[in-house]
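Please study the sequence and the three-dimensional model shown here.

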Amino acid sequence: MWTRWLTSCPAPRVKAALMIQPTSLLQPLPLLPSRPACFRPNVTMSNDPDQSTNLDEIFKQKRILRTTVRKALKSMDPPLRSQEDNAIQSIILEAPWFKSSRSLCAYISCSALREVDTSKLLTEILRNPVKEGCTQTRKKLYVPRVEDKHSHMRMLNISSMDDLIANSMNILEPAPIDHVGNAREDVTLANDPVDLFLLPGLAFDRSGRRLGRGGGYYDTFLRKYQELARERNWKQPLFVALSYSLQIMDGVIPVTPHDVLVDALVTPSGMIPINPSAIERMQI
């Protein structure tokens, strides 16, 4: 079922393209001050024309970068893509910080969107229990469900790949009701925190800036979950993005205060921790 649905994802959503020159593309914007991953203020819109002009320029550069990266991803050699998919997933599956996680959120990859594949990861999460002394428990997995066109996304618990259905865009997501008619657990209503988020994206830089697809779904959700963790005095989860080699930018990705930084990247070459917390938790 997994392969059949992944190959049916909507190809028209991905534009054709060439390799990129990220440094020259990104240089016009100044480097923004780094912030801890647990603090992301909302954008405060004002009538200041200079601020509006700056935001317009940021949004413009984001659009240009998205188009360029999509072109690069479409032109990526299939054998290389498969090799990098396997390398990234193997690195995560063998990582102590992943093995020790008890509850996590992860995206369901769509091949037509040229996302790093997560099928092996999800299969292993759902199949393999976690050892706790003499007992074994399964990791708790939450996956995204888009609710509307206004950046509203939920993360719902699944226990099997059979819990997934194709949405109107033919992309897999969890059905809101399980097979016995009960509502699936929403991660924001769970009694316990998640340890880890495995995140997609179009491009990343080495300071943790992430370029999404423009809908704002992940930034909105991650910011809300950070707020929830603070309210409940939970430890902040680790935000880890999966990235092909060509998605790592040499320059600085344009961001607004609305955007959430990631704590670490996993590439085919290994892990790239962004901040001291990630270094400590990843035992690097």
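This predicted model holds two cavities of 30 Å³ or more. A cavity is a set of points, on a 1 Å grid over the protein atoms alone, where a 1.4 Å probe fits but cannot get out. The model is predicted, so local features need pLDDT of at least 70 and side-chain atom pairs count only at pLDDT 80 or more, while totals for chains, interfaces and linings use all residues. Residues are numbered from 1 along each chain as its sequence is written, and side-chain values use heavy atoms, with hydrogens and water left out.

**Second largest cavity**
- Its volume is about 40 Å³, a volume being the space filled by probe spheres set on the points.
- The lining (residues with an atom within 4 Å of a point) includes Tyr 107, Arg 114 and Gln 247.
- Four lining residues are nonpolar, two polar and three charged.

- Helices are DSSP runs of H or I with at least four residues, numbered from the N terminus.

**Helix H7**
- Eleven of the 15 residues of H7 are buried, so the helix is largely enclosed by the rest of the structure.
- Asn 233, which follows H7, has a positive phi, near 60 degrees.

Definitions and conventions
1 Å grid on protein atoms, 1.4 Å probe; cavity = no way out; pocket = protein on both sides within 12 Å on 5 of 7 lines; lining within 4 Å. Nonpolar A, V, L, I, M, F, W, Y, C, P; charged D, E, K, R; others polar. Buried < 20%, exposed > 50% of the residue type's maximum accessible area, 1.4 Å probe, protein only. Helix = DSSP H or I, 4+ residues; strand = E, 2+ residues; numbered from the N terminus.
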